[in-house]
Amino acid sequence: MKRIIANEQVCMGCGLCEVYCTVQHSKSKDIVKAYNKEKPRAISRVRLEVSKPISFAIQCRNCEDAPCVTACLSGAMKKDPETGLVTHDKDKCIGCWTCVMVCPYGALKTDISGKVVAKCDLCMELEEPACVANCPNRALTVKQVKK
Amino acid sequence: MPKYVIVGASAAGIGAVEAIRNIDKDGTIAVISEEECPQYSRPMISDFVSGKATFQRMMCRENDFWKQHNVEAFLGRTAKSLNLTEKTVLLENGDKVPYEKLLLATGGKPFVPKMEGSDKEGVFTFTKIADAERLAEKLETAQSVVVIGAGLIGVSVTEALVKRGLNVTMVELQPKILSLLLDAKGSDMMESIIRKAGVTIATGLSVQRILGKPENERAVGSVVLTNGEQVPCDTVIVAIGVIPRTELAVGTEIKLNRGIVVDNYMQTNVSDVYASGDVAEAFDFTLNQNRLLPLWPLAVEEGQVAGSNMAGKKTEYAGGTNMSSLKYFGIPIVSIGIANPREETGFEILIRFEPEKNLYKKIVLKDNVIVGITLVNDIERAGTLFHLMKNRVNVKKFKRDIISDNFTLAVLPASLRKNMCLGCA
């Protein structure tokens with residue numbers, strides 16, 4: 001399984017990870033349209049965590065024993081036994097925020113509708129997740145880990 | 001002979017089946033369930049009643065969950081008694097199901113206080129899909145509803161009723177609504193929001209009698225409160241809470257308190273017999289004692305722990321605590337652990353209150369360890385705070401930050417960051 005690893009030693013706190021995550025999860029997937037035209041703007045699934053001088057970006061860790069999967073009231077959060085990924089089914093999600101209550105990383109956010117959660121999907125359709133591909137200082141990298 | 005027998009097919013039963021199958025792919029599993037339908041989410045019953053969720057949407061596992069997990073399911077069947085010497089479960093039709101390892105995951109049943117008239121048509125409880133279906137049907141023609149209980153369940157059903165455009169009166173015995181989850185300030189905030197939605201709230205009172213209609217004595221026509229006030233209504237919903245269904249254990253060697261007593265491996269005092277979920281008294285890490293905590297996520301987790309132990313993988317339950325997230329009346333709330341500490345006992349309290357934003361944050365600390373979290377209308381960092389609480393992290397160095405908008409993982413000390421963030425340098 002892929003896991004995105006942050007290296008706070010080289011993170012500049014530029015926030016491009018959030019920008020490109022937003023673009024990737026926008027309707028148009030175009031940076032100008034995503035930021036200026038689409039309302040409400042898409043939600044970044046990655047968070048840049050800052051407490052100067054420290055900064056690093058974090059998103060869903062796809063935990064082995066994922067507390068969000070255990071706690072989910074509706075069955076929307078699942079751990080894929082094949083890929084190890086924690087997946088979120090928007091159509092099943094009821095926005096009860098129980099997963100938000102138990103995720104140590106704050107990796108689950110309220111989606112633009114305000115009614116369901118949004119989480120990192122590792123940009124499976126791309127060769128490399130958007131936050132990693134667009135990190136100018138290689139503070140985000142992809143590592144292959146056990147499920 | 002089934003190796004594993006599980007009585008009850010809701011949260012704890014599901015958790016146990018999944019955990020057993022993670023370890024033991026072949027051992028036979030039998031599940032006995034009174035309900036015949038596929039697994040559904042009981043906390044979603046209010047969404048069903050409001051019309052937001054269909055039964056299909058409430059199904060919290062795949063339709064063929066039993067088949068997928070190679071479970072022999074006895075559906076629509078009731079376990080009548082246990083024979084712990086013979087190691088069998090007796091069903092209502094006389095069939096005996098033998099077991100090697102038994103899990104009692106029988107859950108809870110709604111608590112209905114003694115009230116004259118509680119057997120009238122139009123009085124409902126709120127824990128099973130069958131109840132919810134009957135209630136939803138009744139609501140098609142209902143106009144005024146009295147909800148007894150203004151805790152989590154009462155508030156959830158009240159919101160559902162408001163969405164359906166009904167007149168609702170909530171009656172709560174405690175002086176404040178949501179009193180197990182919020183302190184006076186938080187409760188007052190929610191009370192005012194719920195009142196604005198058109199709900200009448202009567203606190204410090206209970207329903208003494210349910211009266212019939214003048215033209216039909218059998219049907220609900222009004223309730224009389226303990227202060228003598230009469231509230232006209234056509235429907236009464238009892239939403240006080242659940243009591244553990246311990247029937248199977250009564251009269252056996254299995255140790256009972258209010259619920260079934262278990263150790264940290266979810267095992268009862270009888271070998272090979274386990275209990276999990278609303279029927280069990282599991283460990284509360286805030287109070288440092290075992291108690292009833294009838295909450296869905298904890299039931300799943302307790303079921304997982306029982307299942308792992310039943311399948312031979314020794315697994316200790318880290319414990320749960322009173323913890324709920326609420327989404328009602330447009331205000332997200334997270335409440336974990338102690339919301340209302342008694343002042344004299346050495347607690348430190350951090351508070352942020354911005355009424356114009358409906359924002360309220362309260363963190364209760366004891367010896368610099370978080371023991372209570374209340375977050376109203378900004379819950380995004382709830383999980384990180386819960387992690388610090390559960391792992392008893394000393395927060396002295398960054399205490400001032402935890403209720404501010406600047407609270408992020410970057411605030412945490414380096415060792416903790418490294419430890420927590422799964423592989424982040």
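I began with strand S6 of chain B, where B:Lys96 is the bridge partner of B:Leu90. The model is predicted: local features need pLDDT of at least 70, side-chain atom pairs count only at pLDDT 80 or more, and totals for chains, interfaces and linings use all residues. Residues are numbered from 1 along each chain as its sequence is written, while chains are lettered from A and ligands numbered from 1 in the order in which they are written.

**Entry 1: hairpins of chain B**

I noted that strands are DSSP runs (E, at least two residues), as are helices (H or I, at least four), numbered from the N terminus. Two strands pair if DSSP finds at least two bridges between them. S5(B) and strand S6 (residues 96-98) of chain B are antiparallel and share 3 bridges. Their hairpin has 4 residues between the strands, and B:Gly94 there has a positive phi near 95°.

I then looked at strand S4 (residues 79-83) of chain B, which runs antiparallel to strand S5 (residues 88-91) of chain B and is joined to it by 4 bridges. B:Leu90 in S5(B) is the bridge partner of B:Ser81. This hairpin has 4 residues between its strands, and B:Lys87 takes a positive phi near 60°.

**Entry 2: an open sheet in chain B**

I found 3 strands in an open sheet of chain B, in the order S13-S14-S15, with antiparallel pairing. Strand S13 (207-212) and strand S15 (230-232) of chain B are the edge strands, each pairing on one side only. Strand S14 (residues 220-225) of chain B pairs with S15(B) over 3 bridges. B:Gln230 in S15(B) stands opposite B:Val224.

**Entry 3: backbone of chain A**

Which bonds and angles did I check here? Most residues other than glycine have a negative phi, and most peptide bonds are trans. I recorded a cis bond between A:Lys39 and A:Pro40, with omega about -5°. A:Pro40 lies in the loop between helix H2 (31-36) and strand S2 (47-51) of chain A. The bond from A:Lys52 to A:Pro53 is also cis, with omega near 10°, and A:Pro53 lies in the loop between S2 and strand S3 (54-58) of chain A.

A:Asn62 has a positive phi near 50° and lies in the loop between S3 and helix H3 (67-71) of chain A. Why does A:Asn62 count as buried? A residue is buried if 20 or more other C-beta atoms, placed from the backbone, lie within 10 Å of its own, exposed if 12 or fewer, and partly exposed in between. A:Asn62 counts as buried because it has 24 C-beta neighbours inside 10 Å.

A:Trp97 has a positive phi of about 70°, in the loop between strand S5 (86-88) and helix H4 (98-102) of chain A. A:Trp97 counts as buried because it has 23 C-beta neighbours inside 10 Å.

**Entry 4: contact of the chains**

Two residues are in contact if their C-beta atoms, placed from the backbone, lie within 7 Å. I found 38 residues from chain B and 34 residues from chain A in the contact. On the side of chain B that touches chain A, helix H8 (296-310), strand S22 (323-326) and helix H9 (382-390) of chain B each give two or more residues.
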